[in-house]
Amino acid sequence: MKNTKNKSAQEILSTLTIDEKIRLLNGVGSWHTYDADKKIPSVMMTDGPHGLRKQEDNQIDINDSAKATCFPTASCIANSWDLDLIKEMSGAIADQALQEGVGIVLGCGMNIKRSPMCGRNFEYFSEDPLLAGSLATAYIDGMQSKNVGTSIKHFACNNQETRRQTSDSIVDERALREIYLRPFEIAVRNVQPTTIMASYNKINGKYTCQNKKIITDILRGEWGFKGTVISDWGAAMSMPDCVKAGLDLAMPDSHGYQIKLLRDAYDKGELTEQEIDRACLKVIEVVLKTTGVKKTAVDYKKAHDLAKKIAANSAVLLKNDGLLPLSKKQKEILVIGQMADDVRIQGGGSSHINAFTSPNIIESLTKKGFKVKYVAGYPGDDVVEQTEPTEIQRMAQEAVVAAKEASDKNIPTLFFCGLTNRTEGEGFDRKDMNLPHEQLSVINKIIEMNKDLIVVLFGGSPFAVPFADNVNAMLHMYLAGEASAEACADLLTGTVNPSGKLSETYPFSEKDLPCAGNWGNDSPSVEYRESIFTGYRYYETFDVPVKYEFGYGLSYTKFKYSGLEISSATYNAADADEAIGNVGAACGYGEKLSKSKTNLKVKFTVKNSGKVAGAEVVQLYVKNPSSDYIRPVKELRAFTKVYLEPGKSKKITIELDAKAFSLYDVSTQQYIAPTGTYEIEIGSSVKDIKLKKSVKVKGVKYERDDKSKLSSYFRKIKLFTHADFVSLYGKDFPVDLEPTPGTFTIYNSFSEAAKLNKTCKKILDGVIEKIKANNRKLGRSDNDPALKIVIGGLTENPLEGMVLLAGDDFKRNRADFIVNLVNKKRFAALKSLWSKKWD
């Protein structure tokens, strides 16, 4: 390595040739940056975000990685609402990264949960931008404080897995700013993440990696992002256009393909050296920042204990009619459910962590002193489709008989169930909110004769629980990492008091979703017709009943709220320009407050009025004034978590500035606070409001008459029409058409080609069957998450994306062959197949 000590990024850049500069803009192998002929260090990056998934370039299988601690997933830790715990977790992941020589961990995931049926939601935090942004800020802070880089993802509007590589997310400006970009903005303004990962999809007609408005104008220009923008793996379509738009680094190694595109564009004068230098400088800066850090010795026992602590503080008690916690006098228990034996601790895909250890429920409850009888009840996820119906019926009947016997003897019965790897995962979406049928069948039969049932749930997203009213208790563990079972045992026995609160709404079914009918479809574009009405913003505004509301969660103790005081009955937001882009949050990680002495101070007291110690997530909502413009009825504006011994109380102070009352005004392109009477609400959930008081805000006169112009927005969301949305969108509407022979390009997918051409379909079907056959030879199910991702990438990636990822297996001339074949240019297809131009 040539000496780079004390040299600035600019000085290093001046030593590079144009060829070295161009090569620097593409990765080396799957995980490294280019070292410019040893002129600079090379940094290694690995997947996260709830643990370290370190792979070498020869490790192809996503499940084949170095051993590491598997912490709870983002969907789980979000329910803790505990920023200190999240910071501690990311710091522990950073220690393991340093031990393995990893400079950047690709996380955290922070996309808004537009629909609970998104297969990758277990990697994301919340449906609410303030909560998601605050949690991400804590994660970034904890990791970067250890000098390990982060890469927040997937920027942006990547809210479904169906056609995730090619779909166009069409979002109106207010929804884009207030909902989908907002959590990223909070993180950037607060802690400057090392890198940001640009997503696969298009946003309003442009691939994100080519989207100058998103990457350069907003991210860098408005928010002041100073770090490096990298592509998701294989997402940088037409690399010269990406660099011109502001992308810095395309990952992974494209085996010379993107380098050739960049060199050709430079030689033709389509890409300037100044534009190349801009991107190179950012790559060099991130390399210098994340290399040369000393290794850290890791205490994996301590990390496991931390994973258990986080899991226990994140679980949500959904129901309890008195059976929990389990009595210490109880010596025998019945455990039903295959998921108790094979606990689902995480989701499948690129975030899969190869955990050191993961005890099951039976072992964990036995260590608590119980004599455990276990009955599987239903087959495991990897064999259920090969199991004969008669065997499934036999297993169910065995569980029913055992449950009846336990009921007769007053032995507690615990049923374990939830979403599985075949029902949710990266690369595919759910079609409904139902639990697997083999699980539902068993629990419904058990309930007929044993309603004193404790149900323990697992899963990375909301699902329907039609049996809830007929069971005694429900504890939701989400996907709680390698210590899931131990944490579950602590919660069931009262060793730990549940304190998790839902970071997302649980609707009754997929029919109740605000995006119903406009999400997850196999179409080239996705209209975000519900606009700003995601999650609770929709359910509260339109009075739609839900099973469990945002912020909901029970405890083994009780909390009393009292003494609400607000520093002033009026607030002048008219001149609070410095508050634009800010959020007021008691958590301390919402963006920095305005320094104005006139910030509203909200004070109240919370008391633990029960008999056991516990923690309460205190939530502050602002109820907006009635208006003639579109706005949610209320929004989360602050939160904090309070730990109290029985009988103890704490006085809480929360400061709010103008952002607590603001919306994004498209005409002025800034946040403004409309004049009106607002209500400060303090609650235990979005519905369970304990204290409230009004405040008059002097702000901006804002009259738009949106309600009358878009009246269907204020009837039923299922009546949202394309015409309504075009009107709300307010500018030239992107037109995304399905390809036809003559319009097909390398930016279309193999599955689109198969729809248009029989030969392409035959080729695709043959490749898929070969991949499945090889997977079966390894003893793996067709439901294996790694297999689903491979097939999803093969079918849904743009053809150029496959060229970027596949190397010798799929070069550009093969992509051109498919393009020409679909476009009915047979001679050109044969010519391209034999061409050496792109080899």
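**Exercise 1. Which residues make a nonpolar surface patch of about 360 Å²?**

Solution. The model is predicted.
- Step 1: The patch is made by L830, L833 and W834.
- Step 2: Check its accessibility. L833 has 33% relative accessibility and therefore counts as partly exposed. Patch residues need over 30% relative accessible area.

**Exercise 2. Find the residues of a negative surface patch and describe D341.**

Solution. 
- Step 1: D341, D342, E363 and D382 gather in a patch of negative charge on the surface.
- Step 2: D341 belongs to helix 13, which covers residues 338-341.
- Step 3: The relative accessibility of D341 is 39%, so D341 is classed as partly exposed.

**Exercise 3. Classify the aromatic pair of F155 and F184, then locate both rings.**

Solution. 
- Step 1: Start with the total. The whole structure holds 25 aromatic pairs.
- Step 2: For F155 and F184, the distance is 5.0 Å centre to centre, with 70° between the planes. Angles over 60 degrees count as edge-to-face, and this pair is edge-to-face.
- Step 3: F155 is in strand 4 (residues 149-155) and F184 in helix 7 (residues 182-191), so their pairing ties together parts 29 residues apart in sequence.
- Step 4: Buried means under 20% relative accessible area. F155, at 1% relative accessibility, is therefore buried. F184, at 0%, is buried too.
- Step 5: Now take Y538 and F542. This aromatic pair is tilted, at 5.2 Å centre to centre and 45° between the planes. Y538 and F542 are both buried.
- Step 6: W81, Y536, F550, Y621 and F639 form one aromatic cluster.

**Exercise 4. Describe the setting of the salt bridges K301 to D305 and E635 to R631.**

Solution. 
- Step 1: K301 and D305 form a salt bridge with their closest N and O atoms 2.7 Å apart.
- Step 2: Both residues are in helix 12 (residues 300-314). They are four residues apart, which means a separation of about one helical turn.
- Step 3: K301 has 56% relative accessibility and so counts as exposed. D305 has 31% and so counts as partly exposed.
- Step 4: E635 and R631 also form a salt bridge, with the closest N and O atoms 4.0 Å apart.
- Step 5: E635 is buried at 4% relative accessibility. R631 is buried at 6% relative accessible area.
- Step 6: Finish with a network. Salt bridges link R120, E123, E161, R164 and E426.

**Exercise 5. Is K409 buried or exposed, and where is K409 found?**

Solution. 
- Step 1: K409 is in the loop between helix 15 (389-408) and strand 14 (413-418).
- Step 2: The relative accessible area of K409 is 62%, so K409 is exposed.
- Step 3: K409 and E332 are 77 residues apart along the chain, and 10.0 Å separates their C-alpha atoms.

How values were computed
Residues are numbered from 1 along each chain as its sequence is written. This is a predicted model: local features need pLDDT of at least 70, side-chain atom pairs count only at pLDDT 80 or more; totals for chains, interfaces and linings use all residues. Side-chain values use heavy atoms; hydrogens and water are left out. Patches are made of residues with over 30% relative accessible area and no salt bridge: like charges are joined within 9 Å, nonpolar side chains (Val, Leu, Ile, Met, Phe, Trp, Tyr) within 5 Å. Accessible areas come from the Shrake-Rupley method with a 1.4 Å probe; for residues, only the protein chains shown count as cover. A salt bridge is a side-chain nitrogen of Lys or Arg within 4 Å of a carboxyl oxygen of Asp or Glu. Lys and Arg count as positive and Asp and Glu as negative; His and the chain ends are not counted. The place of a charge is taken as NZ of Lys, CZ of Arg, CG of Asp or CD of Glu. Helices (H or I, at least four residues) and strands (E, at least two) are DSSP runs, numbered from the N terminus. Buried means under 20% relative accessible area, exposed over 50%, partly exposed in between (1.4 Å probe, protein chains only). Rings of Phe, Tyr and Trp (its six-membered ring) pair if their centres lie within 6.5 Å; planes under 30 degrees apart count as stacked, over 60 as edge-to-face and the rest as tilted.
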